[in-house]
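Hello,

Here is the structure I promised to pass on. Have a look at it first, and my notes follow below.

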Amino acid sequence: MSEELSNVFNDDPMTNFDDDFDLGSMNDFFGDLDKSFFNAMPKMNPMKTDVTENKKNYQVTAELPGFKKNQIHMDYRHNTLRIHAVHNVSRNVKNNKGKVLRSERSMSNVNRAFYLPNVKFNKISASYDGGLLKVTLPKAAKKIDNSHRISIK
């Protein structure tokens with residue numbers, strides 16, 4: 001009897017595990033729950049941006065694919081360029097009888113701010129083409145601290 005107890009307490013707990021237990025059945029039960037759950041989660045999509053500087057200006061290039069020009073807002077305040085873009089998408093999938101099978105909505109809301117001091121705010125220019133936002137911020141000879149809204153061409 002004491003030998004049986006010592007075997008129970010000294011044995012590897014996995015040796016008493018039922019070898020006939022099928023983990024595949026657990027996978028069948030849950031199916032692709034993890035895939036569909038994580039695919040439904042909003043993805044972190046920060047704005048991919050390059051900032052370069054030379055003697056005359058700063059150049060900011062931001063990737064904003066899928067956005068329209070009127071969905072992008074920028075301003076320059078307190079030596080900081082702020083870029084904000086919002087994109088709403090709604091999609092319905094219907095069968096041949098017009099019945100809605102699936103309705104999806106998504107929203108992209110991205111913000112970035114860059115400290116770029118001593119800029120001639122009234123000379124800032126911006127363009128948006130093919131999902132690329134390009135902003136040129138000319139440097140000022142002396143320190144300037146003003147606010148200015150930037151329009152996109």
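**Strand 3 and its surroundings**

Asp75 has Arg149 in strand 8 as its bridge partner. Strand 3 and strand 8 (residues 148-150) run antiparallel and are joined by three bridges. Strands here are DSSP runs of E with at least two residues, numbered from the N terminus, and two of them pair if DSSP finds at least two bridges between them.

A word on the model: it is predicted, with local features needing pLDDT of at least 70, side-chain atom pairs counting only at pLDDT 80 or more, and totals for chains, interfaces and linings using all residues. Residues are numbered from 1 along each chain as its sequence is written, and side-chain values use heavy atoms, leaving out hydrogens and water.

Strand 3 (residues 72-77) also runs antiparallel to strand 4 (residues 80-94), with six bridges between them. Ile72 sits opposite Ala85 of strand 4. In this hairpin two residues lie between the strands, and His78 has a positive phi near 50°.

I also searched the whole structure for salt bridges (a side-chain nitrogen of Lys or Arg within 4 Å of a carboxyl oxygen of Asp or Glu), and there are two. One joins Asp75 and Arg77, at 3.6 Å from N to O. Asp75 is buried (under 20% relative accessible area, with a 1.4 Å probe and protein chains only), at 17%. Lys139 pairs with Glu53, their closest N and O atoms being 2.4 Å apart. Lys139 is in the loop between strand 7 and strand 8 and Glu53 in strand 1 (residues 48-53), so this pair ties together parts 86 residues apart in sequence.

Best wishes

Technical notes
Helices (H or I, at least four residues) and strands (E, at least two) are DSSP runs, numbered from the N terminus. Buried means under 20% relative accessible area, exposed over 50%, partly exposed in between (1.4 Å probe, protein chains only).
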